[in-house]
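Subject: Structure for your review

Dear colleague,

Please find below the structure that I am handing over to you.

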Amino acid sequence: MSTYHKTIGITGGAGFIGSHVIRLFVNKYPHYRIVNIDALTYAGNLENLKDVDPLPNYIFEHADICNEEQVAHLFSKYPFDGIIHLAAESHVDRSIMDPLAFIRTNVLGTGVLLNACKKSWKAFANKLFYHISTDEVYGSLGETGFFTETTPYDPRSPYSASKASSDHLVMAYHHTYGLPVVLSNCSNNYGSHHFPEKLIPLMINNIIHNKPLPVYGKGENVRDWLWVEDHARAIDIIFHKGRKGEKYNIGGHNEWKNIDLVMLLCAIMDKKLDRAKGSSAKLITYVKDRAGHDLRYAIDAAKLSTELGWQPSLQFEEGLEKTVDWYLQNQDWVLHVTTGAYQQYYTDQYQKR
Ligand code: NAD
Ligand code: DAU
């Protein structure tokens, strides 16, 4: 008999958001056993969880969610009470170059997990499949308006189309088989451990190394930025208190045009690096626009705040400064994740166990 009150499988726990969710759950709930299920793709890095790894209620399982056998094995090994599903291919630009990788992991992988829950959970009482999704499923907004939970889906990139498909599968398993599910759609996250292909960490890193700052198109596209730890807190609340079969939008009420955000980062970095005012901004280079680039995303998170009492905690300038400080202090991490050296090191560590 396990001494733990619950066993929760968290997929994609070695990635950016997943590592923050794992850290929160492992520390806040010592009576839960947390199983991190991750294939360690280019985006998955166990170095993100160095502090959590020694804790007795944390377990890492190297597995591909698209592999039915591997997933079935995990469901026979652990009596999962809940699955929090974050594993995905997550970068829009990569989805434009290699859509099939996104269809495989985001659609097939989600299907394999849902099927495993349906097959191995004999009774659905006290079980939960929590799917983590994105605001990009709603498509693109004009100058005004917000996405609500009832906004019709209109995905426009291979990434968002694959996430929309996975959302539909989750809801279909709920309606058809009665699988207990909950789903959330979040805006752009930022913070520590963010892979340096995404806008904010890429710009920070390029400023440090005096490289050009590639702004797509005219830099007028708008994103709604949320501190990643606030997203992790929302996931905790929704996992425990969200109504089954419901979806919740999560956002920062924090819209920024890309160019204004890059200018703000440049100003912060000039100060941090003791460079002359305006010197980082000189690195800004306008480049060819992303194909099918969505103009604006903005989330109405009223349902989550009124029903479950969640609010973002951090002002953007404060969060950006913390993020910049983290990258300045963790240049080794950037080197490891951009060279792939970490994967070999940590795979070796786990094989020795
Ligand atoms: P990420 O790319 O940093 O991490 C993805 C993780 O999934 C990695 O650890 C990777 O190894 C793992 N993974 C990929 N394919 C796998 C497979 N086949 N089997 C097992 N593991 C696999 O992603 P992220 O930015 O942390 O996003 C996590 C989730 O949150 C995704 O579902 C994404 O769609 C969603 N989301 C992200 C954002 C954002 O701003 N980053 C916003 C809203 C929603
Ligand atoms: O909205 C939620 C989504 O946010 C998540 O679902 C995705 O997983 C996550 O990657 C993110 O998608 P975006 O495409 O919005 O994020 P990205 O950081 O790639 O780009 C942010 C904006 O900056 C976007 O308008 C494109 C632009 N951009 C991006 C890069 C990498 C640039 O101008 N230059 C760049 O070099």
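Predicted model: local features only at pLDDT ≥ 70, side-chain atom pairs only at ≥ 80, totals over all residues.

Two of them involve the protein backbone: a backbone N or O atom of Thr-41 lies 3.0 Å from an oxygen atom of the ligand, and a polar backbone atom of Leu-86 is 2.9 Å from an oxygen atom of ligand 1. Asp-64, in turn, uses its side chain, with a polar atom 2.9 Å from a nitrogen atom of ligand 1. On its own, ligand 1 has 840 Å² of accessible area, and the protein covers 96% of this.

Seven strands make up an open sheet with parallel pairing, in the order S3-S2-S1-S4-S5-S6-S10. Strands S3 (58–62) and S10 (247–250) stand at the edges and have a single partner strand each, so one side of each is left without a neighbour in the sheet. From one strand to the next, the twist averages 20°.

One pair within this sheet is formed by S5 (residues 128–134) and S6 (residues 181–186), which are joined in the parallel sense over six bridges. Phe-129 stands opposite Val-181 in S6.

Two helices lie across strands of the sheet. Helix H1 (residues 16–28) lies across S1 (6–11), S2 (32–38), S3 and S4 (82–85), and runs at about 165° to S2. Helix H5 (residues 158–177) lies across S5, S6 and S10, and its angle to S5 is about 155°.

**A residue in strand S1**

Thr-7 has its place in strand S1. Is this residue buried or exposed? Thr-7 has a relative accessible area of 3%, which is under 20%, and therefore counts as buried. The side chain of Thr-7 is joined to that of Arg-33 by a polar contact of 3.2 Å. Leaving aside residues up to four places away in sequence, Thr-7 touches Arg-33, Val-35, Tyr-78, Pro-79, Phe-80, Asp-81 and Gly-82.

A colleague

Terms used:
Residues numbered from 1 in each chain as written. Chains lettered and ligands numbered in written order. Heavy atoms only, no water. Pairing = 2+ DSSP bridges. Helix = DSSP H or I, 4+ residues; strand = E, 2+ residues; numbered from the N terminus. Axes fitted to C-alpha atoms, helices over the stretch in contact; angles between N-to-C directions. Contact = heavy atoms within 4.5 Å. Buried < 20%, exposed > 50% of the residue type's maximum accessible area, 1.4 Å probe, protein only. Polar contact = N/O pair within 3.5 Å; in protein donor to acceptor, adjacent residues only side chain to side chain. Areas by Shrake-Rupley, 256 points an atom, 1.4 Å probe, with all protein chains shown as cover.
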